[in-house]
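Let's take a walk through a protein together. Keep the picture beside you and look up each residue as we come to it.

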Amino acid sequence: MNQLRIRTLAALFVLAGVLAWGGARLWDALGTLPSVPFAAPIVLGAIAAILLATALSLRARLKAQREREPDAQGVDPMMAARAVLFGQASALVAALVSGVYGGTGLFLITERADVPARASQALYASLSVVAGIAVIAAAVLLERICRLPEDDDENQPPTPTT
């Protein structure tokens with residue numbers, strides 16, 4: 001499984017933001033603009049909380065397993081792999097969604113800040129961007145916690161067999 005790259009997430013965020021800003025300008029020229037849902041930052045925040053809780057739980061279980069505590073629960077490798085996969089997918093989607101809300105919010109702040117209804121939409125968009133960044137941070141933390149230690153056997157020459 002490949003590791004998440006911050007550059008990829010940042011590029012996806014910027015690309016989605018630029019496209020959303022251009023789309024918002026075009027949509028506004030037609031006389032309307034899509035609204036930012038009130039639930040967007042709530043849903044992204046919930047995903048960030050789930051990822052963070054999973055990361056902290058796995059970290060505690062791995063630490064207990066490493067220190068050979070008597071009642072330590074082991075970590076199923078498939079469960080850890082699924083958690084990392086969920087985190088990576090969440091980070092990619094959060095980068096895309098945050099970029100869209102960021103571009104839309106930037107348009108609302110720069111072009112339509114005088115309309116009171118658009119000010120609240122810009123606030124929801126800003127909160128969505130912050131929550132999306134929290135999802136990305138929690139996903140990166142989860143990935144770092146579940147990283148396998150480096151193999152020391154690779155540096156040693158193979159032992160001859162007879």
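Before anything else, one word to learn: two residues are in contact when they have heavy atoms within 4.5 Å of each other. With that in hand, find V100. Leaving out residues up to four places away in sequence, V100 touches A16, G17 and A20. V100 sits in helix α3, where helices (H or I, at least four residues) and strands (E, at least two) are DSSP runs numbered from the N terminus. Its C-alpha atom is 8.8 Å from that of V129, which is 29 residues apart from V100 along the chain.

A quick note on what you're looking at: this is a predicted model, in which local features need pLDDT of at least 70 and side-chain atom pairs count only at pLDDT 80 or more, while totals for chains, interfaces and linings use all residues. Residues are numbered from 1 along each chain as its sequence is written, and side-chain values use heavy atoms, with hydrogens and water left out. As for pLDDT, that's the predictor's confidence in each residue, from 0 to 100. The protein's mean pLDDT is 86, and 89% of its residues reach 70 or more.

Now step back. The protein has four helices and zero strands, so to speak an α-α-α-α run from the N terminus on. Of its 162 residues, 32% count as buried. Buried means under 20% relative accessible area, exposed means over 50%, and partly exposed is in between (1.4 Å probe, protein chains only). V100, at 34%, is therefore partly exposed. Among contacts between residues at least 6 apart in sequence, 85% join residues at least 24 apart.

What about the inside? In soluble globular proteins, nonpolar side chains tend to be buried together. A nonpolar core is a set of buried Ala, Val, Leu, Ile, Met, Phe, Trp, Tyr and Cys residues joined through side-chain atoms within 4.5 Å. The largest one here has 23 residues, and L58, I136 and L142 have the most contacts inside it. Helices α2 (40–66), α3 (77–111) and α4 (116–145) each give two or more residues to this core, with the largest share, eight residues, coming from α4.

The rings of F38 and Y124 have centres 5.4 Å apart and planes at 75°, so they are edge-to-face. F38 is in the loop between α1 (6–29) and α2, while Y124 is in helix α4, 86 residues apart. F38 is exposed at 54%, whereas Y124 is partly exposed at 21%.

Finally, look for charges. A salt bridge is a side-chain nitrogen of Lys or Arg within 4 Å of a carboxyl oxygen of Asp or Glu, and the count is two. One joins R25 and E111 (3.7 Å, N to O). Because R25 lies in helix α1 and E111 in helix α3, this pair ties together parts that are 86 residues apart in sequence. The other joins E143 and R144 (3.1 Å, N to O); E143 is buried at 9%, but R144 is partly exposed at 35%.

Key:
Phe/Tyr/Trp six-rings, centres within 6.5 Å; stacked < 30°, edge-to-face > 60°.
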